Amino acid sequence: QYLVRDQTLRKLPLLCLATCHSESVSPEIETLVTSPGVKNITLKSLNVPAISRIISDMLALKSPARSLCRHLARHSEGNPFYLAEYLHLSVEQGLFWRNESGQWQIRETGPQEHAAAQFAGLPLPSSLRDIIEQRLHGLPTLGLQLVKAASLFEREIDVPLLTALTG
């Protein structure tokens, strides 16, 4: 709010970028985004074709199954970070893997008659936080200690300090 109110700063060519989830908008943020000189850009959720392109790029597929794309679109709510982390987690946990000829396979989730039912049976963490926790859970103890210590830093990590923190 200081940046918006300060008249001296208003004269400077200044870009201040802030992000938040649309469901997390507090009264303070609402006041800020409606202030003069503030431009609010609302990003829409990814649609099924965009999600299909991400799946295609990440898994090196020509065209992923539409039922998988629709299923992940529904559960990711169009959030690209959730989608990417879920795909990483799925490969790490063996839900998706490549067979001998390089084609992606999906772990059987029980007797299925249709691909859509197979995708519906895939375990989906309920939140991005759950995905990240599951991915971190697989790290060895030292790796987890490093990640916890590194999370205290902003963008750049001071390696000697990180080494001192983790022993």
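Strand S2 (residues 104-106) gives the largest share of the lining of the second largest pocket, three residues. Strands here are DSSP runs of E with at least two residues, helices are runs of H or I with at least four residues, and both are numbered from the N terminus. Please keep in mind that this is a predicted model, in which local features need pLDDT of at least 70 and side-chain atom pairs count only at pLDDT 80 or more, while totals for chains, interfaces and linings use all residues. Residues are numbered from 1 along each chain as its sequence is written, and side-chain values use heavy atoms, with hydrogens and water left out.

A pocket is an open set of points on a 1 Å grid over the protein atoms alone, where a 1.4 Å probe fits, with protein on both sides within 12 Å along at least five of seven lines; lining residues have an atom within 4 Å of a point. Eleven residues line the second largest pocket, and Leu61, Ala65, Leu68, Trp104 and Ile106 lie nearest its centre. By type, the lining has nine nonpolar residues, two polar and no charged. Nonpolar here covers Ala, Val, Leu, Ile, Met, Phe, Trp, Tyr, Cys and Pro; Asp, Glu, Lys and Arg are charged, and the others, Gly among them, are polar.

Glutamine 105 also lies in S2. Apart from neighbours within four places in sequence, glutamine 105 is in contact (heavy atoms within 4.5 Å) with Leu95, Phe96, Trp97 and Asn99. Its C-alpha atom is separated by 8.1 Å from that of leucine 95, ten residues away along the chain.

**The core and its helices**

The largest nonpolar core has 16 residues, and Ile55, Leu72, Leu83, Tyr86, Leu87 and Phe96 have the most contacts inside it. Such a core is a set of buried Ala, Val, Leu, Ile, Met, Phe, Trp, Tyr and Cys residues joined through side-chain atoms within 4.5 Å. Helices H4 (48-59), H5 (66-76) and H6 (80-92) each supply at least two residues of this core, with H6 giving the largest share, five residues.

Serine 90 sits in H6. In H5, the buried residues are Ser67, Leu68, Cys69, His71, Leu72, Ala73 and Ser76.

**Positive phi and accessibility**

Two residues other than glycine deserve a look for their backbone. Alanine 60, in the loop between H4 and H5, has a positive phi near 55°. Glutamate 77 lies in the loop between H5 and H6, and just after H5 takes a positive phi of about 55°.

The table gives relative accessibility; buried means under 20% relative accessible area, exposed over 50%, and partly exposed in between (1.4 Å probe, protein chains only).

| Residue | Relative accessibility and class |
|---|---|
| Alanine 60 | 57%, exposed |
| Glutamate 77 | 57%, exposed |
| Serine 90 | 0%, buried |
| Glutamine 105 | 27%, partly exposed |

**Helix H9**

In helix H9 (residues 141-150), Gly143, Ala149 and Ala150 are buried. These residues lie on the same side of H9 because they cover an arc of only 130° around the axis, taken from the directions from the helix axis to the C-beta atoms. Thr141 and Lys148 are exposed on the other side of H9.
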